[in-house]
Amino acid sequence: MTVVLISVGIFAGLGILFGLVLALASRVFAVKTDPRVEQIIEALPGANCGGCGYSGCAGFAEAVVKGEAPANACRAGGEAAAKRIGEVMGIEVQALEPMRAEVLCSGGCGKAKEKCNYEGAHDCIAADRMYGGAKACPAGCMGLGTCVDICRYDALSVVDGVAKVDPKKCTGCGACAQVCPKHLIEMIPRRVKYSVVCHSPESAKETRQYCDAGCIGCKLCQKNCPNDAIRVTGALATIDYNKCTSCGICAQKCPRKIIRLVRED
């Protein structure tokens, strides 16, 4: 019985000793955190979407305090977050223009031709590495929803084989644009009403072979734009949003109907 009590006493003593050592070590080796980091984290949406280029809100907050990231880089937080971060840092912060994502593809089911029957992993990045996915168009949306999975705001869904953005939910964080292997998700100003919903760099002849809804570079939009806001390079039209007044003439003239109203007042 005495031996048991002695053993228990020894283990109890060792436990107390190790506890004191750990407590002392935690104080000696403690990493001091700038209180501004926590204040900035509280000002952020907390979705850890990664749109700012950092792994999460905490990483972004630390980078701001260290001077490694601009204080207005969180588009998801918008003007409110930028203002609060400016107050914490003691600087004047100009909020960036509100943006939203737009998927530049109109090749849904029945319009885009397919080159194979893809049965691999349900992931756009994996499919892109395996012959570029099922669609014949090298720039077409694969519709496997990797952008949907990465979105922390439930702003994307796959409809008729193409990813679609809900502008009411999109915060413009840009995480979906970063993850898209085809680079066909564009961040456009939220004020924009019209967009060219195609990203194919191919010639008009090749585009017609791939898709019944791709841009063919006919230049009717360019010729009829009263503000010189749209240009056709190769066989693809692009809009200069700094010049565009959202008159809608280009959308009316487009024979392929790929210049679309993407935002209604």
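1. The largest pocket has a volume of about 280 Å³. Please keep in mind that this is a predicted model, in which local features need pLDDT of at least 70, side-chain atom pairs count only at pLDDT 80 or more, and totals for chains, interfaces and linings use all residues. Residues are numbered from 1 along each chain as its sequence is written, and side-chain values use heavy atoms, with hydrogens and water left out.

2. Which residues are the closest to the centre of the largest pocket? They are E114, A134, K135, M142 and L144, out of 18 lining residues. A pocket here is an open set of points on a 1 Å grid over the protein atoms alone, where a 1.4 Å probe fits, with protein on both sides within 12 Å along at least five of seven lines; lining residues have an atom within 4 Å of a point. By class, this lining holds seven nonpolar, eight polar and three charged residues.

3. The second largest pocket has a volume of about 160 Å³. Its lining includes R100, E102, K164 and R260. Strands β1 (99-103), β3 (162-165) and β8 (259-261) each supply at least two lining residues; a strand is a DSSP run of E, at least two residues long, and a helix is a run of H or I with at least four. This lining divides into eight nonpolar, no polar and four charged residues.

4. Now for helix α3, which spans residues 57-66 and has C57, F60, A61, A63, V64 and V65 buried. Buried means under 20% relative accessible area, exposed means over 50%, and partly exposed lies in between (1.4 Å probe, protein chains only). The cover over these buried residues includes α2 (35-43) and α4 (78-89). After α3 comes G67, with a positive phi near 80°.

5. How many aromatic pairs does the structure hold? There is one. Y54 and F60 form this tilted pair, at 6.3 Å centre to centre and with 50° between the planes. Rings pair if their centres lie within 6.5 Å; planes under 30 degrees apart count as stacked, over 60 as edge-to-face and the rest as tilted. Y54 is partly exposed at 27% relative accessible area, whereas F60 is buried at 1%.

6. Finally, the whole chain: it has 10 helices and eight strands. Buried residues make up 42% of its 265 residues. Among contacts (heavy atoms within 4.5 Å) between residues at least 6 apart in sequence, 59% join residues at least 24 apart.

Notes: Rings of Phe, Tyr and Trp (its six-membered ring) pair if their centres lie within 6.5 Å; planes under 30 degrees apart count as stacked, over 60 as edge-to-face and the rest as tilted. Grid points are joined across faces, edges and corners, and a volume is the space filled by probe spheres set on the points. Ala, Val, Leu, Ile, Met, Phe, Trp, Tyr, Cys and Pro count as nonpolar, Asp, Glu, Lys and Arg as charged, and the others, Gly among them, as polar.
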